[in-house]
Amino acid sequence: MRRTIVSVLSIFLAVQCFASEVTFPVPGYDAEELQKVRLWEKSWNNKKITAENVDQVKDFVHEGVYTAIKDPGIFGAKEIWFEVVPYRPYTLSKGFIEATKKYAPTSHLDEKEMLEGYGEVAGIPFPQPKTGIEMAWNFDSNTRGDSHHEIQFGTVVDCKSGFERTSEQHRWELYWVGRYDVSPVPAIEKSKNPRGIARSFFQRMAAPADFIDTTILEIKYLDPHRGEDLWVYTAMFRRIRRYANNQRTDSIDGTDMIYDDQDGWYTHLIHNTYDYKGRADLLAARHQDSGKLEKAEGQGFWNGFQRERVNHWVVEVKNKDKNYIYSRQIWYLDPETWQMNFKVMYNRQGQLWKMYEMAYDELPSYGGQTTPIFNSEHIIDFLRRHGSTSVRNIQSVGTDIPLTQFRTKSLKEKSY
Amino acid sequence: MKKTINIFSTILLVLIVSGISVIDCEAAFHLFDNKLRVKGSIYEFMMYRTKVKDDEKQYRDTDWGLMRTKGTLEFLYKAVEKENLQVNLFSFLQYWHEALPDFDDEYHDSITRDNRKRFQGPSYDQDDWINEMYADIYSGKWNIRLGKQIVFWSEVEMVRTIDRINPLDLRYTTPGIEPWDEMKIGLWMMRGFYNSDLPGQLVFEWIWIPGDYEGVRTPREGSSMGAVPGPQGKEDLRPRAFGLGAAVNEQWRKSQPAFTLSNSQFAFRIRGNSEVALLGDYYLLDWTVSWYHGMNNTPVAKSSKIETINQYNFNLAIARVFGGDIPRVPGGLWEYKFFDVIGTSCQTYVPKLGAVVRGEVSYEIGLPELKADPDSSVAPYMRNITGTTERDVINVGVTLDKPLKSNWLSQRWGASGVFDCTFGWFGQRRQGNVSRIRRTFAYDDRDQSNFTLTVRTRLKHNSIWPTVRFLYNTRNWGYGVFAVRYTPGKHMRYEMGYLWFFSNNQWHFREAYARNKDSIYFRIGYEF
């Protein structure tokens with residue numbers, strides 16, 4: 001008996017010791033690096049970066065952004081510019097920090113590279129990652145406040161002809177597991193989630209006119225081998241249609257984004273391999289005032305991104321399906337929240353094809369705290385000279401969304 | 001007609017005046033602090049016939065088949081927005097004018113005056129300009145919809161099996177060209193839903209149509225999609241409207257059931273969403289089970305009036321062939337009878353096929369039919385009616401939606417690179433003796449078997465939508481539609497297509513009858 005107690009105590013203490021080694025939040029820069037960043041910022045803070053001066057900051061600008069600024073005509077613009085703002089660490093929610101400190105010490109991957117206990121844990125599993133797959137799991141574990149409701153205003157732009165098509169949609173998104181802010185944490189009770197849903201979104205269109213009330217419901221499951229279920233209620237045909245989940249590489253409503261691209265990577269991690277490529281200190285929009293964004297008609301790239309220095313984790317991602325639409329992707333992950341600030345995609349011939357940039361801001365969320373969530377984005381197609389921009393008017397973050405909203409019956413309710 | 005135009009003018013005036021407070025006009029107007037949403041469209045739809053035969057040319061000055069201008073307005077008003085009670089008032093109003101008879105004199109004279117009036121605008125019934133108008137009430141798990149509505153119960157495309165509530169208006173074109181919600185005829189009804197917490201997320205739905213009856217509106221005789229007036233009379237009497245087709249339509253119209261409670265129709269449906277694990281894969285089934293008790297959308301002869309009908313039709317044919325006055329159409333010759341339909345449907349994604357499979361089955365119980373003498377030497381559609389009977393009919397529809405991906409195409413012309421392909425099979429089996437059944441189309445057929453194919457893709461970032469639809473019946477008739485839709489911006493919509501019909505025997509089915517109706521069509525519209 002005594003031996004058992006000693007063994008249990010030893011394990012408990014060992015876990016506690018290990019737990020104490022978890023550092024979270026992790027600052028984007030250590031003190032020495034931050035000093036250098038601040039020094040650099042003294043020269044560039046609040047400066048407008050245009051084709052004239054972009055070469056001076058080229059080391060901190062991704063090739064895709066550099067190309068757009070130097071040759072704005074490609075994206076239907078006379079001038080493409082952004083503003084440099086000082087680096088600001090995020091203030092993470094109490095729940096995010098506590099969940100990470102609670103679960104990270106015991107996090108590890110099984111032989112199939114699945115996170116053990118997935119669905120019953122929360123927070124960032126590997127605050128000090130060593131491999132690409134650990135970084136990918138960190139990215140996957142950011143639930144952005146557990147739920148949010150936003151109104152998206154999107155524009156699909158043919159940069160050659162200047163033609164634009166606009167759309168507007170209301171979107172509600174809910175994480176059923178990996179929750180750290182909104183009760184219940186870390187997961188919705190199994191009795192209320194018998195199908196093992198990991199994440200779901202419900203989206204209703206408000207424009208264009210012929211698609212008003214068209215509504216989408218997508219459900220992602222915990223089981224990594226189970227594809228997402230997607231239903232679309234098409235108001236024009238008044239039918240709820242089930243969609244094949246192998247349509248995930250289809251473009252979304254004519255934008256340059258495919259279903260898998262949503263939020264950076266929407267589906268299961270198991271479909272890809274992940275190779276850590278090092279760090280990249282690049283400018284990214286982490287505190288974006290979406291009111292400062294602007295673009296001319298026919299322009300497929302936002303002007304007015306407020307970029308700050310971030311020392312990204314860089315991961316090369318290759319799909320296990322050899323026929324996948326992208327030969328590879330490069331993810332640029334934020335060192336503090338593991339959100340994806342941007343990614344670039346290469347076609348099957350190895351050419352740089354697309355770039356997807358998300359601009360974040362810290363917005364009020366659960367319990368008067370703040371959560372970084374992206375409020376605008378653009379995805380550009382370098383080969384076809386096309387772009388898609390959107391602004392997201394965030395209505396709420398970290399609030400209770402009724403689970404019943406994510407049922408197929410809800411698709412037709414209040415849609416006409 | 002004037003009344004309808006006045007109502008539309010008033011609505012437009014209100015919109016213009018209240019436009020001061022318009023918040024957003026990208027897609028729809030939002031007025032009165034976002035409580036009222038207004039959207040609408042105006043479309044010009046033109047068809048040019050490419051294969052008009054000589055016997056039809058004498059009834060036409062031109063080869064144009066349709067020139068319809070149609071405007072729609074949708075209003076959604078959020079009347080009550082409380083936590084436990086929401087009431088939305090919705091209406092979908094429509095107005096159209098088919099202009100072809102206005103400038104094609106021969107065409108004008110081929111359609112009877114009454115039919116022409118009903119054909120040219122929304123005046124078949126006095127409430128035709130209202131496509132839908134209902135109060136949508138939500139309280140807890142209950143949802144009640146009261147008013148004129150259109151119900152969609154089908155999972156499959158192109159052919160209807162369980163989707164029987166609203167009849168279709170087929171006078172202008174065929175399904176697949178116009179949206180279903182504009183081809184279906186709204187009915188005044190009470191519709192309720194109860195969203196249960198039972199396993200399978202069961203939703204119970206019921207419908208009560210308290211006597212509002214509409215028959216199917218088939219292409220009018222003399223119109224482009226209809227038959228030429230027949231039998232043909234002397235040449236100097238052509239065109240002469242009011243053939244047998246128009247006479248039968250008029251007889252049916254005069255026999256239409258009254259709007260009374262005793263003519264109530266009912267329907268009930270359970271909708272569920274169940275998960276099944278099979279051979280290592282999960283199948284999430286969206287399923288329904290339904291029952292419908294309603295009137296058939298075509299009538300049968302009253303037993304006591306069979307002789308009158310036969311005699312009238314004979315007299316009319318004589319008058320047309322040899323000249324003479326068209327006899328006056330008597331009323332009350334036909335009766336619309338009730339029958340029942342039990343149906344079920346299911347759709348699911350099948351991982352091993354990488355496709356969505358949808359299926360539905362309906363069993364029609366006691367479908368009213370006409371009888372005729374099977375030994376008569378006259379073609380079955382011409383035979384004298386000898387009585388009425390009932391038959392059971394089984395309808396089955398299965399479709400498979402399979403997206404085919406082309407990585408090559410996805411990097412060109414702004415293409416999605418995905419071909420959304422739908423393969424379908426639809427079967428029908430008529431129970432009992434069919435040789436004694438008198439039908440205009442498919443008179444001796446026990447079985448029907450249709451194969452369908454739809455292929456859609458998108459180019460130029462969803463601004464160009466090429467679509468091909470094809471239906472083949474094993475009796476060697478069918479039709480194809482080749483269409484391209486162009487949506488360059490927020491409001492303007494363009495569509496062009498070709499309708500191709502074929503059949504070796506035009507009496508095999510209603511669509512087979514359209515074998516010479518091949519047309520190029522154009523549709524130009526503005527959506528707001």
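Q: Which residues are in contact with Val329(B), leaving aside its neighbours within four places in sequence?
A: They are Ala247(B), Glu250(B), Gln251(B) and Lys254(B). Two residues are in contact if their C-beta atoms lie within 7 Å. The model is a predicted one.

Q: Why is Val329(B) called partly exposed?
A: Val329(B) has 17 other C-beta atoms within 10 Å. A buried residue needs 20 or more and an exposed one has 12 or fewer. The count of 17 lies in between, so Val329(B) is partly exposed.

Q: Where does Val329(B) lie?
A: Val329(B) is in the loop between α8 and β12 (334-335) of chain B. Its C-alpha atom is separated by 16 Å from that of Pro299(B), 30 residues apart along the chain.

Q: How do you know that the length of α8(B) is close to the expected one?
A: Helix α8 of chain B, residues 306-322, has 17 residues. The expected span is 1.5 Å times one less than the number of residues, and for α8(B) this gives 24 Å. From first C-alpha to last, α8(B) reaches 24 Å, close to that value.

Q: What makes the buried residues of α8(B) lie on the same side?
A: The buried residues are Ile309(B), Tyr312(B), Leu316(B) and Arg320(B). They cover an arc of only 65° around the axis, so they are on the same side of α8(B). Glu307(B), Phe314(B) and Phe322(B), on the other side, are exposed.

Q: What do the buried residues of α8(B) pack against?
A: They pack against α7 (244-254), β11 (300-301) and β15 (385-405) of chain B. In α7(B), the buried residues include Ala247(B) and Gln251(B), both of which are in contact with Val329(B). The buried residues of α7(B) pack against α5 (113-120), α8 and β12 of chain B.

Q: What follows α8(B)?
A: Gly323(B) follows α8(B), and its phi is positive, near 90°.

Q: Why is chain B called as compact as a globular protein of its length?
A: Chain B has nine helices and 22 strands. Its radius of gyration is 24 Å, and the globule rule gives 24 Å for 528 residues; the two values are close, so chain B is as compact as a globular protein of that length. The C-alpha trace spans about 70 × 60 × 55 Å along its principal axes. Of the 528 residues, 36% count as buried.

Q: Which residues touch the most other members of the largest nonpolar core?
A: In this core of 99 residues, they are Val315(A) and Leu333(A). Strand β13 of chain A, residues 352-364, gives the most to the core, with six residues. Among the residues that Val315(A) touches are Met135(A), Tyr274(A), Trp331(A) and Leu333(A). A second, separate core has 21 residues, including Met47(B) and Phe509(B).

Q: How many residues of chain A are in contact with chain B, and what are they like?
A: 45 residues of chain A are in contact with 47 residues of chain B. The largest share of the side of chain A that touches chain B comes from β4(A), with four residues. By type, that side divides into 14 nonpolar, twelve polar and 19 charged residues.

Definitions and conventions: Residues numbered from 1 in each chain as written. Chains lettered and ligands numbered in written order. Predicted model: local features only at pLDDT ≥ 70, side-chain atom pairs only at ≥ 80, totals over all residues. Helix = DSSP H or I, 4+ residues; strand = E, 2+ residues; numbered from the N terminus. Arc of directions from axis to C-beta. Nonpolar A, V, L, I, M, F, W, Y, C, P; charged D, E, K, R; others polar. Rg over C-alpha atoms; globule rule 2.2 N^0.38 Å. Core = buried A, V, L, I, M, F, W, Y, C linked by C-beta atoms within 7 Å.
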